[in-house]
Amino acid sequence: MSLKRISAIFRHNTRVLVSDPGPIIVTTLMPLVLMTFLQGMGRTVLESEGFTGASGAEHVVPGMAVLFSLFGVIHLGMSFFQEHGWGTWDRLRASPASPIEILLGKMLPPASIILIQTVVLFAAGALLFDLDIRGSVVALAAMVLTTTVFLIALSMLAVALFTTISQLSAATNVLAMILGGLGGALAPLSVLPDWAQTIAPISPAYWSLMGLRAVLLEGGGMQAVLVPVGILLGASLVVAALAASRFRFTDEKAWV
Amino acid sequence: MLRIRNLEKSYASHDVLRGVDLDISPGEIVALLGPNGAGKTTLASIVAGLRRPDSGSIRVGDIDVVRNAGRARTLLGLAPQHLGIYPTLTARQNLLLFGRIAGVSGRGLRDRIDEVSTGLALSDLLDRKAGILSGGQQRRLHTAMAMLHRPRLLLLDEPTVGADVESRRQILAFVRDLAARGTAVCYATHYLPEVDDLDATVAVLNGGRIVYRGSVSSLARAHGTSGVRLAFRGDPPDLAGFETDGSHAFRTVDQPGVEIARTLADGTAWVSRLESVEIIRPSLETAYLALTVPTTTETEEQTHVA
Ligand SMILES: Nc1ncnc2c1ncn2[C@@H]1O[C@H](COP(=O)(O)OP(=O)(O)O)[C@@H](O)[C@H]1O
Ligand SMILES: [Mg+2]
C-alpha cells in the first residue's frame, strides 16, 4: 500500500467533488432551513420530556445532522458511479493503484464531506440556534466519527448492490427518510407512534441520536456514549463484511 | 516486452479468444487488426489486468500478469476503447492524476506533462475543462493519460475513433515517436490505412486466434488477392463470377488483365454504361478481407441473434 498513491487519488477526488459542489451545498443548506422551521417543535417536545430551558436546538441540530449524514451516502455512492459513467473506472483499475488504494482514496473525500457538513451544522447550531453542548466535546466527536464510519460501510454496501445511479439515489433517499425518521431524527422518539418506538433500535440513527442526546442534553461524557459507539462500530463491521462479500471491482455500473 | 501464449477467454458460452499467441518486442508497433467483435478489446483488457483469462500465460517484461497484476500495471499504459476522462476537471488535472498514481511527481511530472501535451498538441488546452474540449481534443487527452509514466508497453484500443484528421495524424506521429524510443505498442484498430502510417507490423485476430502475424508486405504477398472492379452508371449487369456492391461489380482473379479482356469482349449490351475499370493488386486490404471472412461459428451466432 502506498500513501503517495492514496493521496494522489484523494486529492483528485476532492477536486472532483469541489468542481461540482451542487449536491454538497444542498445537503448542507437543507438541514439549516429545516432547523429554522423545526426548532419550536423541538423545544415543545423537549420541555414535555422534562428538559426545561431547552432551546429545541438540542433536538433539531443532532436530528438534522444525522438525517443529512444519511443522505450523504449519495456523495459516496456517486463518487463510484461517476467513474463508470465517465469511463475512468477501468483506467483506474489498469493503473498501478491497488484496489484498496483506490477505495481509500475515493471514499475519504466524500466521507470528509459528511464530517464537515456535520461540523458546520453543529457550529451553526451553537451560533444561530442557541445550541448548548452540556457534555463532553470528545464524546460528541466520538459519536459523529462512528456515525460516519457506519455510513462509509453502508455506502460500500449500496455501491456493491446497485447497478445504476438511479437505483442508488432512490434507495438512499427512501432509506435515509425511514431510518432517520424511525431513529427520531425528524420528530423526537417520545412522540413517535408506539410501534415505531418499539422497532426504532433497528435504525442506526436511533443509536447515533441516543449518544448525541446523552452528550447534549444530559451532559454525558465518554462513559455515556460507549454503548451507542460500540453498537455502531459492530454494525459497521457487519455491513462492511456484507459489502466486501458482494463488491466486485469488475462489476459494470451505469450512470443513468 | 509482451509475450502471450495460448490465451483463452470465453464469456458465458461464447468463446472469444481460443488460443492466442502474440509477441511484441520493445520499440515495435503491432497493429492488432480484426473485425468488430473479434476480441481485440478483450485481449487488451486481459493484458491490462482488467479481466482474467480462462487459461494461458501473459508476461509483460518478465512479470506474469495474472499472478503479479500490480507490478505488471506499473509497466503498462492503457487507453481503453471508450473515452475515459474526468469532464469536470481541467486537462492538466486529468493528466496529473495518472502521473501521480504512477509515482511521477514534482518537476519530473511537469516535464512529462509538457512532453506529452506538446506531442499531442494539448499544450494550449491544459487549463480548459476536459468536458468542453472537442471530440478530437478529448481523444488526444484520453490517449495522453496512458503515457505519462513512459510505460514500456502501451495498449491503445482504437485511439483514433472519433478523432478528426489532424488529431489522428498527431496521435499516430506521437505513437511512432514513443516506439522509436523503445516502447512496445499494441495498437488495436480496424482502420487499415493507419497501419502504413504507423510503420507497424500486423497481427490479425479472427475466429479467436491470430491468423496472421508479420509485416504488411509479406501479408499482402501471402494472402492478398488480385481482382477486377468495374463501375457502372446505374445497376451493374449480371456478370458470371462477379459480386455486386452498389454500382460496382467485383471479381477475384489471378490474372486481372486476361479477365478484363474476356469480360469486355462480351460487353456489347452494357459497355456504354461502364464508368471505370480497375485492377486490384494484392494489398493489405485484400489480404485482410481474405483473412477475416467470417468463421462458421460466427455465422451461426449471427443467425442466432437474428
Ligand atoms: N463483458 C462481456 N460479456 C459478454 N460478452 C462480451 C463482453 N465483452 C465483450 N463481449 C463479446 O466478446 C466479443 C469480443 O468483443 P471485443 O473484445 O469488444 O471485440 P473487438 O474489440 O474486437 O470489437 C464480442 O462478441 C462481444 O459481444
Ligand atoms: Mg474493441
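**Reading cavities, helix packing and burial**

Modeller: Start with one residue: A:S236 counts as buried, at 5% relative accessibility. Buried means under 20% relative accessible area, exposed means over 50%, and partly exposed lies in between, with a 1.4 Å probe and protein chains only. This is a predicted model, where local features need pLDDT of at least 70, side-chain atom pairs count only at pLDDT 80 or more, and totals for chains, interfaces and linings use all residues. Residues are numbered from 1 along each chain as its sequence is written, chains are lettered from A and ligands numbered from 1 in the order in which they are written, and side-chain values use heavy atoms, without hydrogens and water.

Biologist: Where is A:S236 placed, and which residues is it in contact with, leaving aside neighbours within four places in sequence?

Modeller: Contact means heavy atoms within 4.5 Å. Helices are DSSP runs (H or I, at least four residues), strands likewise (E, at least two), numbered from the N terminus. A:S236 sits in helix α11 of chain A, residues 222-246. Beyond those sequence neighbours, A:S236 is in contact with A:V149, A:F150 and A:A153.

Biologist: How do I read a pair of packed helices?

Modeller: Two packed helices are described by the angle between their axes and the distance between the axes. Axes are lines fitted to C-alpha atoms, for helices over the stretch in contact, and angles run from 0 to 180 degrees between N-to-C directions. Take α3(A), residues 57-71, and α4(A): the angle is about 15° and the axes are 4 Å apart. The two are therefore roughly parallel; that label covers angles under 35 degrees, with over 145 roughly antiparallel, 65 to 115 roughly perpendicular and the rest oblique.

Biologist: Which residues meet there?

Modeller: A:S69, A:L70 and A:F71 of α3(A) meet A:V73, A:I74 and A:H75 of α4(A).

Biologist: How many cavities of 30 Å³ or more does the structure hold?

Modeller: First the idea: on a 1 Å grid over the protein atoms alone, a cavity is a set of points where a 1.4 Å probe fits but cannot get out, and lining residues have an atom within 4 Å of a point. Grid points join across faces, edges and corners, and a volume is the space filled by probe spheres set on the points. Here there are 5 such cavities.

Biologist: What volume has the second largest cavity, and which element gives the most to its lining?

Modeller: The volume is about 100 Å³. β6(B) gives the most, with 3 residues.

Key:
On a 1 Å grid over the protein atoms alone, a cavity is a set of points where a 1.4 Å probe fits but cannot get out, and a pocket is an open set with protein on both sides within 12 Å along at least five of seven lines; lining residues have an atom within 4 Å of a point.
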